[in-house]
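Hi,

Here's the structure I said I'd send over.

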Amino acid sequence: MPTCKQCNIGFEITDEERRSYEKFGFEPTGFCFECDQQNRLCYRNERILYRRKCDFSGEDIISVYSSDKPYKVYKNDIWHGDQWGAFEFGQDFDFSRPFFDQLKELQLKVPRVAIINAKCENSDYCNMVVGNNNCYLVFGGDFNDNVLYGTLCMRNINSLDIDFSNKNELCYYLADSIECYGSWFTLDSKNCKNCYFISDCSNCTDCILCTNMANKSYYIMNKEYSKEEYLVKKKELLNGSYKTQLALWNKFLELRKNRIVKYAHAINCQNSTGDYLKNSKNCHNCFDISDSEDLRNIIFASKVKDCFNCSLLGDDTELCYNEIATISSHNANNS
């Protein structure tokens, strides 16, 4: 059993992982899964934004690079456009000098894109995103419309404070939830409508302070009420008072402590291991994966195929190894 070069803890390399390394033509990295992910994440500034000047046009721009950094930074449409060419910065390799010294010089010469924000409209303060409209402070979330404050959230409409949640509408404070409508404070739930303070529920309508419920309506604290009784109690509980909301939140946290937790959150998956997997197959040791297949050792991927040892992959990425924050070229600006 090898020992990780970073944390010095022993870890296993399975036969399947060895075959994946051979497929991509690499030797094992010598890092355990956790350290391998950490080493990739250190290259990603997801949510710290700065104002600075574009080094090509002199315009004020929003960037992940502060003005005191030594790199050349171009605004998005210029970096993706035809006003400059990468061949301008070509240089001969000097075999008498160290490789990494020359690589650093090249990195300081070649312009960097200010921010990863492709095909978005009125969504300037978002990063690592594609296809957003009227969004603010959304990071790593794509194809959202009128969404504020979200992380790794996809295809949501008119919602705010949503993390790791997809295809929701008119929702507030969601985490790891999909296809919900008009719901608040909803965790680990699917296809719920007009629900409040719920966890681990599916196909529920008009429920408050409930956990582990499926196909239920007009429940409070996992107890059924008539529609009329429910509406009266709902008005009392959701009265618009912040003090009452905070009390409900604390009660909700206590309820979650006693809920039954599934061994893994997997929906419509085949031959897959990990957690928070949706509509995927043949994905092993993968986390927060949707609509993907043939993956191994991946954290977060959407519509991805045949990748190994990667982090945060966007739509239509395929046949990648040791990548972070990539999308298919046809999703990029001006492609």
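Helix H2, which covers residues 33-41, lies across S18, S19, S20 and S21. Its direction makes an angle of about 65 degrees with S20. Keep in mind that this is a predicted model.

So what are those strands part of? They belong to an open sheet of 6 strands, in the order S16-S17-S18-S19-S20-S21, and the pairing is parallel. At the edges you'll find strand S16 (266-267) and strand S21 (324-326), and each of these pairs on one side only. Helix H1 (residues 15-24) also packs on the sheet, where it touches strand S19 (293-302) and strand S20 (305-313). The direction of H1 is at about 95 degrees to that of S20.

A quick bit of background: strands of a sheet pair through backbone hydrogen bonds, either parallel or antiparallel. Leu 277, for instance, has Ile 289 in S18 as its bridge partner.

Now for the rings. How many aromatic pairs does a search of the whole structure find? It turns up 27. One aromatic cluster is made up of Tyr 172, Tyr 173, Phe 185, Phe 197, Trp 249 and Phe 252.

Lys 5 has its charged end over the ring of Phe 31, 4.9 Å from the ring's centre. Over the face of Tyr 71 you'll see Arg 112, at 3.7 Å from the ring centre.

Cheers

Conventions
Residues numbered from 1 in each chain as written. Predicted model: local features only at pLDDT ≥ 70, side-chain atom pairs only at ≥ 80, totals over all residues. Heavy atoms only, no water. Phe/Tyr/Trp six-rings, centres within 6.5 Å; stacked < 30°, edge-to-face > 60°. Lys NZ or Arg CZ within 6 Å of the ring centre and 35° of its normal. Pairing = 2+ DSSP bridges. Helix = DSSP H or I, 4+ residues; strand = E, 2+ residues; numbered from the N terminus. Contact = heavy atoms within 4.5 Å. Axes fitted to C-alpha atoms, helices over the stretch in contact; angles between N-to-C directions.
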